[in-house]
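Please read each group of points alongside the coordinates.

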Amino acid sequence: MNEIKNLEPQVVWKNFHALTQVPRPSGHLEKVQQFLLDWAAAHGIEAFKDGGENIVMRKPATPGMENRKKAVMQAHMDMVPQKTAESRHNFETDPIETYIDGEWVKAKGTTLGSDDGMGVAAIMAVMEDESLEHGPLEALITADEETCMYGVNHLASDTLTGDILLNFDNETMGEFVVGSAGGVNVTASIAYKAVEADPADVAVKVTVKGLRGGHSGLEICENRANANKLMARFLNMAIRENEARLASWKGGNMRNAIPRESEAVVTVPADDVDELQGLVDYCADMFAEEYRGVEEHIVMTMERVGMPAVQVPEDIQDNVLDAIMACHDGVLRYIPSIPHIVETSSNLAIVNVTPERAEVLVLARSSSESMMDYVGTMLESCFNMAGMKVEFSGRYGAWQPNFDSQITAQMVEIYKEMFGEEALVQVVHAGLECSLIGEVYPDMDLVSFGPTLRSPHTPDERCHIPSVAKFWDFLKELLRRIPEKA
């Protein structure tokens, strides 16, 4: 028996365990959608899939509470598929292997999927628990939040009928979020004709790995290393000092995750191999010193590989590398009026260079529309100078802070009453679906909260066990005290 099913509250943990057994990486949601529909049917719960691939559920009010405002519980069904270099996990077919480590639930070599599986599990628990007291309820479990927010981008204005939205995608218990950043994908690309490699050269693969990675919104302010940036610095020196030529380069795999690994195949004159190994060792030591106290496990390796027949043209190689070196990565600005919260940032998320094509994907975020335009134009200008085509996609606006939210004020009061602690009303640099739901339903009162998670979007993702019980107790009381309609 899996240990996490024995944790309290079991009504939440058993559902989370069930979710870990169903593959649900972003872009591959057919199995989890069917699982949720089958689960709802087995429990006699009204449920359907809407035109945005979202799952919608409904539960009538406890008798005598029909006049309460209708609450919509909302979470996303997909998870970020990240794993360690050693893991053989296939996110499209394999269940997540969980284990308990002290006060935390973790996964073996992969992301845990508590972002936002714990929110989905809480929704399932509310829907099946007949002992709860509540007004009329709806649930919205959305599709592909982590990649493009597809589900809420295709949410119809007549799907929901609720008055209050309770988003379960925040990651610190005791924190109620009333605003979040917007985002946009910036993709730079260039196609070219490969050139023949010098058959007298030798080829090596250089790898940067062991980085912490992390959520490119919530953890962009923690000064963690970006594997693509480290690789760019190494390549810049290798080309300048060792006559290296670039054959291929691949780093990162998710737009919203700080890249943990990057690898490049380069060719060098045979006489320069030992010197190149020395440069690898030098860079490894230099990066370890630069990130001391932040990154403790940076590893750089070099190994001989088969000689490629072709490689990137030298002028393209230099231009693309210059652009990646110059590309902004990290925090650009904090919110002037809330100086401890990041306003604008960019994440150099994915680099994919082949002998015929180079592509770079950056995720830019901002809670200011004008600063979003600025950082987008800045990135576009950087890559345009390298002759690359720049495209923008998936833009979503910021959720502007609503510090006058009535439901949030009530939640603060309930939290203090239950736990003797002051809750924190907060805005975050992550992108939350509330921004897009609020556009479709402008009269809805929205707030985000949830149990404590750490290191989402990395194999170090973990869920704090005591906070789940606290979250569940708070949620039950909140639903019981949702106010009546005016």
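The largest cavity in this predicted model has a volume of about 180 Å³. Its lining comprises 20 residues, of which Glu-145, Glu-146, His-215, Ala-430 and Gly-431 are the closest to the cavity centre.

**Cavities**
- The lining of the largest cavity divides by class into seven nonpolar, six polar and seven charged residues.
- Across the whole structure, the search identifies three cavities of 30 Å³ or more.

**Four-stranded sheet**
- Four strands form an open sheet in the order β4-β5-β25-β24, and their pairing is antiparallel.
- The edge positions are held by β4 (98–101) and β24 (453–454); each has a single partner strand, so one side of each lacks a neighbour in the sheet.
- Strand β5 (residues 104–107) runs antiparallel to strand β25 (residues 462–464), and three bridges join the two.
- Trp-104 has His-464 in β25 as its bridge partner.

**Helix pair α5 and α6**
- Two packed helices are described by the angle between their axes and by the distance between those axes.
- For helix α5 (residues 227–242) and helix α6 (residues 273–290), the axes come within 11 Å and cross at roughly 145°.
- The crossing of α5 with α6 is right-handed.
- On the α5 side, the contact is made by Leu-230, Arg-233, Phe-234, Met-237, Ala-238, Glu-241 and Asn-242.
- These meet α6 residues Glu-275, Leu-276, Leu-279, Val-280, Tyr-282, Cys-283, Met-286, Phe-287 and Glu-290.
- By class, the residues of the α5–α6 contact comprise eleven nonpolar, one polar and four charged.

Conventions:
Residues are numbered from 1 along each chain as its sequence is written. This is a predicted model: local features need pLDDT of at least 70, side-chain atom pairs count only at pLDDT 80 or more; totals for chains, interfaces and linings use all residues. Side-chain values use heavy atoms; hydrogens and water are left out. On a 1 Å grid over the protein atoms alone, a cavity is a set of points where a 1.4 Å probe fits but cannot get out, and a pocket is an open set with protein on both sides within 12 Å along at least five of seven lines; lining residues have an atom within 4 Å of a point. Grid points are joined across faces, edges and corners, and a volume is the space filled by probe spheres set on the points. Ala, Val, Leu, Ile, Met, Phe, Trp, Tyr, Cys and Pro count as nonpolar, Asp, Glu, Lys and Arg as charged, and the others, Gly among them, as polar. Two strands pair if DSSP finds at least two bridges between them. Axes are lines fitted to C-alpha atoms, for helices over the stretch in contact, and angles run from 0 to 180 degrees between N-to-C directions. A crossing is left-handed if the near helix is turned anticlockwise from the far one by less than a right angle, and right-handed if clockwise. Contact means heavy atoms within 4.5 Å.
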